[in-house]
Amino acid sequence: MNEYPHVEERDGSYYIRGQRVPLRTVIIEWNVGESPETIRRNFPTLSLADIYGGVVYYLDHREALDKHFAEIDAQETVVFGELDAKNAGFRARIRQRAEMLRAQREEPAS
C-alpha cells in the first residue's frame, strides 16, 4: 500500500492523486491559514481526506517541497517577465484604445 495515497508526482510536479489540482495550490492556501474545509469549498473536486493527505505529505517532505516550490516560483518569474516584455507594446495599444473609448463616452452629446 502507498504510504501517501493522496499525492502523486506527474510531469515534474506534485498533484492530489487523480486530480488536476497541484499540491502546491493546496499548500499555498493552507500556509496562509485556510482551513481544510475552506480549501474543500474552493476546490470541490477534492475530499477532506485528499486535503489532509496532501498536508501530511507536505509536512513529511517540507524541506524538499519548499525547495521544489521555490524553483517553480523562480521559473514562473522568468517566464512571466519574458511575456510581459514581449507583450508590452500590445498592452500599451490596448490601454490607449481603452482611454480613447473612455474619452469618447465622456464627451458631451451635441
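Reply: What follows is a walk along helix H4 and its contacts. Keep in mind that this is a predicted model.

Helix H4 covers residues 62-86. Start with helix H3, residues 48-60. The axes of H3 and H4 come within 5 Å and cross at roughly 95 degrees. Angles of 65 to 115 degrees count as roughly perpendicular, so that is how H3 and H4 lie to each other. On the H3 side, the contact uses Tyr-57, Tyr-58, Leu-59 and Asp-60. On the H4 side, Arg-62, Leu-65, Asp-66 and Phe-69 meet them. By class, this contact has five nonpolar residues, three charged and no polar ones.

Now helix H1, residues 23-31. The axes of H1 and H4 come within 12 Å. They cross at roughly 105 degrees, and H1 and H4 are therefore roughly perpendicular as well. H1 brings Leu-23, Arg-24, Ile-27 and Asn-31. H4 answers with Arg-62, Leu-65, Phe-69, Ile-72, Asp-73 and Glu-76. The contact of H1 with H4 divides into five nonpolar, one polar and four charged residues. Arg-62, Leu-65 and Phe-69 of H4 meet H1 and also meet H3.

Last, the surface. Phe-80 lies in H4. Together with Val-79 and Leu-83, Phe-80 forms a nonpolar surface patch. The accessible area of these residues together is about 270 Å².

Conventions:
Residues are numbered from 1 along each chain as its sequence is written. This is a predicted model: local features need pLDDT of at least 70, side-chain atom pairs count only at pLDDT 80 or more; totals for chains, interfaces and linings use all residues. Side-chain values use heavy atoms; hydrogens and water are left out. Axes are lines fitted to C-alpha atoms, for helices over the stretch in contact, and angles run from 0 to 180 degrees between N-to-C directions. Helices (H or I, at least four residues) and strands (E, at least two) are DSSP runs, numbered from the N terminus. Angles under 35 degrees count as roughly parallel, over 145 as roughly antiparallel, 65 to 115 as roughly perpendicular and the rest as oblique. Contact means heavy atoms within 4.5 Å. Ala, Val, Leu, Ile, Met, Phe, Trp, Tyr, Cys and Pro count as nonpolar, Asp, Glu, Lys and Arg as charged, and the others, Gly among them, as polar. Patches are made of residues with over 30% relative accessible area and no salt bridge: like charges are joined within 9 Å, nonpolar side chains (Val, Leu, Ile, Met, Phe, Trp, Tyr) within 5 Å. Accessible areas come from the Shrake-Rupley method with a 1.4 Å probe; for residues, only the protein chains shown count as cover. A salt bridge is a side-chain nitrogen of Lys or Arg within 4 Å of a carboxyl oxygen of Asp or Glu.
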